[in-house]
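Dear colleague,

I am handing over the structure we discussed, and I would ask you to look through it before reading on. My findings follow below it.

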Amino acid sequence: MHIADLSKGMMGANGIVGGAPPLVCGAGLAAKTLGNGRVAVGFVGDGGSNQGTTHESLNLAAVWQLPCIFVVENNGYAEATSVKYSTACDDVADRASGFNMPGIVVDGHDFFAVYEVAGEAIERARAGGGPTLIECKVNRYYGHFEGDAQTYRAPDEVENVRQNRDCIDNFVARAMSAGLVQEDDLASIDRDISDLIEDAVNLAKAAPKPEAEDLLTDVYVSY
Ligand SMILES: Cc1ncc(C[n+]2csc(CCOP(=O)(O)OP(=O)(O)O)c2C)c(N)n1
């Protein structure tokens with residue numbers, strides 16, 4: 001959750017539900033002011049989509065016509081609360097019209113559909129057309145935390161998605177049938193990723209244990 005890589009334009013994730021949209025407005029305003037063609041993209045869940053911060057940011061981005069994209073990853077649950085209990089509309093994207101911006105629903109399991117929709121939103125933002133709200137309908141395979149018994153879900157819900165809607169399986173099937181990749185290419189990507197993870201785990205295990213004085217490292221910043 002707490003990662004950032006400014007060299008890649010990844011400004012940081014944070015633990016505040018609905019925390020991304022205001023930050024995205026700031027990044028979008030900077031891009032618009034500097035005229036550097038950048039587009040700010042922020043992500044919230046269905047729970048985060050109900051936060052006041054999200055609504056205020058949608059309004060601000062629309063009023064200032066900022067180059068922003070607000071992505072709602074609607075996986076149907078905020079912790080253990082179903083979206084059916086928390087959200088008055090079927091599609092969060094419908095709210096976009098209240099802020100006078102395009103609101104698009106896309107199958108978040110479909111790599112190609114998300115790519116297309118995101119590309120159009122980026123193009124619009126770069127051309128001065130303002131923000132877009134994209135709602136990706138997705139599912140989650142795991143609970144909210146390790147050990148979550150997920151008693152709030154139907155017993156076959158996850159298995160059904162795994163069998164029929166897995167986004168990587170769908171991507172592989174589509175990409176292979178279109179002749180974009182071969183089985184060997186995918187196997188070698190899988191191997192590379194496994195090696196990368198294995199190396200990172202080994203590096204972490206071999207690293208010296210932190211000392212007591214390391215406790216406050218990267219916790220406080222002094223200007
Ligand atoms: C402002 C705030 N309120 C409550 C929490 C506790 N909390 C952490 S995750 C979460 C649920 C988030 O659900 P959703 O936005 O749907 O995202 P998902 O976890 O499904 O990706 C909550 C309530 C928090 N981190 N921040």
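The protein has seven helices and six strands, and please note that the model is predicted. Read from the N terminus, the order of the elements is α-β-α-β-β-β-α-β-α-β-α-α-α. Taken along the principal axes, the C-alpha atoms fill a box of roughly 50 × 50 × 40 Å. The protein comprises 223 residues, of which 29% count as buried.

The ligand

The ligand sits in the largest pocket. There are 13 residues around the ligand, and those that come nearest are G15, G47, G48, N75 and Y77. Sorted by class, this shell holds seven polar, four nonpolar and two charged residues.

In G47, a backbone N or O atom lies 2.8 Å from an oxygen atom of the ligand. For G48, a polar backbone atom is likewise 2.8 Å from an oxygen atom of the ligand. For Y77, the distance between a polar backbone atom and an oxygen atom of the ligand is 3.0 Å. The ligand exposes 580 Å² when taken alone, and the protein buries 60% of that area.

Residues in the loops

Q65 belongs to the loop between α2 (52-63) and β2 (68-74). Its phi is positive, at about 50°, although Q65 is not a glycine. Most residues other than glycine have a negative phi. Q65 has a relative accessible area of 31%, which lies between the cut-offs of 20% and 50%, and therefore counts as partly exposed.

N100 also has a positive phi, of about 55°, without being a glycine. This residue is found in the loop between α3 (83-86) and β5 (103-107). Because its relative accessible area is 68%, and exposed means over 50%, N100 is classed as exposed.

A127 lies in the loop that runs between α4 (111-126) and β6 (132-137). Its relative accessibility is 70%, so A127 counts as exposed. The C-alpha atom of A127 is separated by 8.7 Å from that of G37, although the two residues are 90 residues apart along the chain.

With kind regards

Note on methods
Residues are numbered from 1 along each chain as its sequence is written. This is a predicted model: local features need pLDDT of at least 70, side-chain atom pairs count only at pLDDT 80 or more; totals for chains, interfaces and linings use all residues. Side-chain values use heavy atoms; hydrogens and water are left out. A residue is near a molecule or strand if one of its heavy atoms lies within 4 Å of it. A polar contact is a pair of N or O atoms within 3.5 Å; within protein, one must be able to donate a hydrogen and the other to accept it, and residues adjacent in sequence count only if both atoms are side-chain atoms. Accessible areas come from the Shrake-Rupley method with a 1.4 Å probe; for residues, only the protein chains shown count as cover. On a 1 Å grid over the protein atoms alone, a cavity is a set of points where a 1.4 Å probe fits but cannot get out, and a pocket is an open set with protein on both sides within 12 Å along at least five of seven lines; lining residues have an atom within 4 Å of a point. A molecule sits in a cavity or pocket if more than half of its atoms lie within 2 Å of its grid points. Ala, Val, Leu, Ile, Met, Phe, Trp, Tyr, Cys and Pro count as nonpolar, Asp, Glu, Lys and Arg as charged, and the others, Gly among them, as polar. Helices (H or I, at least four residues) and strands (E, at least two) are DSSP runs, numbered from the N terminus. Buried means under 20% relative accessible area, exposed over 50%, partly exposed in between (1.4 Å probe, protein chains only).
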